[in-house]
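Subject: Structure handover

Hello,

Here is the structure for you to take over. My notes on it follow below.

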Amino acid sequence: MRPPIPTKSSAALIALVAVQAFCIVFFLSDVFADFQEAGGKPTSHLLIEAMAALTLIIAILFELRYMLTLIRRKERLEQSLDQASRAVFDVIESHFDDWRLSPAERDVAGFLVKGMSIAEIAQLRGNAEGTIKAHLNAIYRKSGTTNRGEMLSLLIDTLIGARPSA
Amino acid sequence: MKTAMNGTMDDRVTSVRPPARKRTRVWDPLVRLFHWSLVSCFAANALFVDGENDLHLVFGYTIIGLVGFRLLWGFVGGQYARFKSFPPSAQDALEQGADMVSGRVHIHVGHTPLGALMIYNLLLTLSVIGLSGYLMTTDMFWGVEWPEEVHKIAVDWAEVSVVLHIAAVIFESYRTKVNLPRAMVTGYKDLPE
């Protein structure tokens, strides 16, 4: 269900962090070795090298923080998407309640909303197509519509706020 | 709250009992032997035995042998030892990162995705260390500097990786409530049902 993080960019990101981490280890050990060689006296050359290593560390920290922010944001989006789809489901269910559909009719109406054909619904429910057509007639009669399009626009009207929720 | 009102000691003990756990065999004996032999040899060479000492070469060749064995075992070994069971996947690794950030716990029976990346990193780094170390002993590279440079850099990187590996194992054990160091000793993980 969860939309995956794009593979290519995540691989690139991990590779980038790994290479930078490797460079940091290299620079820091180099600075340390040179510092010892210089007899513990920091030269301007060493200072600049140390600064380069330090800023690289800071850059990685920013990168990681940015990555975590992205991950968190993605999580929040998923949550709101989850809530939104639940709200859509609620609207549809409340219409079905309102129309006093029987359990079998609810089932068929659910498939109908998902865009399945009569033949598909019949196959899924193990009914004859005639049975499904009978259910469909009952659904249209109870909802005061005459076809699938009208029934769907009733639901959509409520979702976009053109009609008060049932 | 209910136990506090009933007030008996027994109730309280029952209420804090951890959820049921399933002992699952994960690491075969050779994987464990490999792991701890590698730990010993690497620690010996990195911390105690310097390059001038003949023992350094003995441990070094042992490590090369161990890495060679692990590469082979990755194809013919036990279920969770095989590379097939922990393919490198950036997406799964980030997913695990997201779990760590958001506090979600997703139990991995074998290696975790980030753990898998660390294994490939260590195997590669140890190979570089072994190869560059071997080159330093050959007549062909007598007096040539770069094998030693490579050797030193790779060792630095390996040491940082090991520290990160240990930190991650401790953190993940604490977070997922599965004792990972013990699993590498006994071979079993106590996984939640």
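Predicted model: local features only at pLDDT ≥ 70, side-chain atom pairs only at ≥ 80, totals over all residues.

**Chain A, α3 and α5**

In chain A, the axes of α3(A) and helix α5 (residues 129–143) cross at roughly 95° and come within 9 Å. Because that angle falls between 65 and 115 degrees, α3(A) and α5(A) are roughly perpendicular to each other. On the α3(A) side the residues that meet α5(A) are A:Ala104, A:Glu105, A:Val108 and A:Ala109. Their partners in α5(A) are A:Ile132, A:His135, A:Leu136, A:Ala138 and A:Ile139. By residue class, this contact divides into seven nonpolar, one polar and one charged.

**Chain B, α4 and α6**

In chain B, helix α4 (residues 54–76) packs with helix α6 (residues 113–137) at an angle of about 140°, and their axes are 10 Å apart. That angle makes α4(B) oblique to α6(B). The crossing of these helices, α4(B) and α6(B), is left-handed. From α4(B), the contact is made by B:Leu57, B:Gly60, B:Ile63, B:Ile64, B:Val67, B:Arg70 and B:Leu71. From α6(B), it is made by B:Leu123, B:Leu126, B:Ser127, B:Gly130, B:Gly133 and B:Thr137. The residues of the contact between α4(B) and α6(B) comprise seven nonpolar, five polar and one charged.

B:Gly65 also sits in helix α4 of chain B. B:Gly65 has 13 C-beta neighbours inside 10 Å, so it counts as partly exposed. The C-alpha atom of B:Gly65 is separated by 9.6 Å from that of B:Gly130, although these residues are 65 apart along the chain.

**Annotation on chain B**

An unreviewed UniProt entry places the feature "transmembrane region" at residues 30–49, 55–76 and 114–137 of chain B. In the model, residues 30–49 of chain B are 95% helix and 0% strand, with the end C-alpha atoms 26 Å apart. Residues 55–76 of chain B are 100% helix and 0% strand, and here the end C-alpha atoms are 31 Å apart.

**Chain A against chain B**

Between the chains, 14 residues of chain A are in contact with twelve residues of chain B. On the chain A side, α1 (7–37) and α2 each supply at least two residues. The largest share of that side, eight residues, comes from α1(A). The side of chain A that touches chain B divides into nine nonpolar, three polar and two charged residues.

**Backbone points to check**

- A:Arg100 lies in the loop between α2 (44–98) and α3 (103–113) of chain A. A:Arg100 counts as exposed because it has 9 C-beta neighbours inside 10 Å, and the limit for that class is 12 or fewer.
- B:Lys177 is in the loop between α7 (146–176) and α8 (180–186) of chain B. With 15 other C-beta atoms within 10 Å, B:Lys177 is partly exposed.

Regards

How values were computed
Residues numbered from 1 in each chain as written. Chains lettered and ligands numbered in written order. Helix = DSSP H or I, 4+ residues; strand = E, 2+ residues; numbered from the N terminus. Buried ≥ 20, exposed ≤ 12 C-beta atoms within 10 Å, placed from the backbone. Axes fitted to C-alpha atoms, helices over the stretch in contact; angles between N-to-C directions. Parallel < 35°, antiparallel > 145°, perpendicular 65-115°, else oblique. Left-handed = near helix turned anticlockwise from the far one by under 90°. Contact = placed C-beta atoms within 7 Å. Nonpolar A, V, L, I, M, F, W, Y, C, P; charged D, E, K, R; others polar. UniProt positions renumbered as here; feature names shortened; annotations may be inferred.
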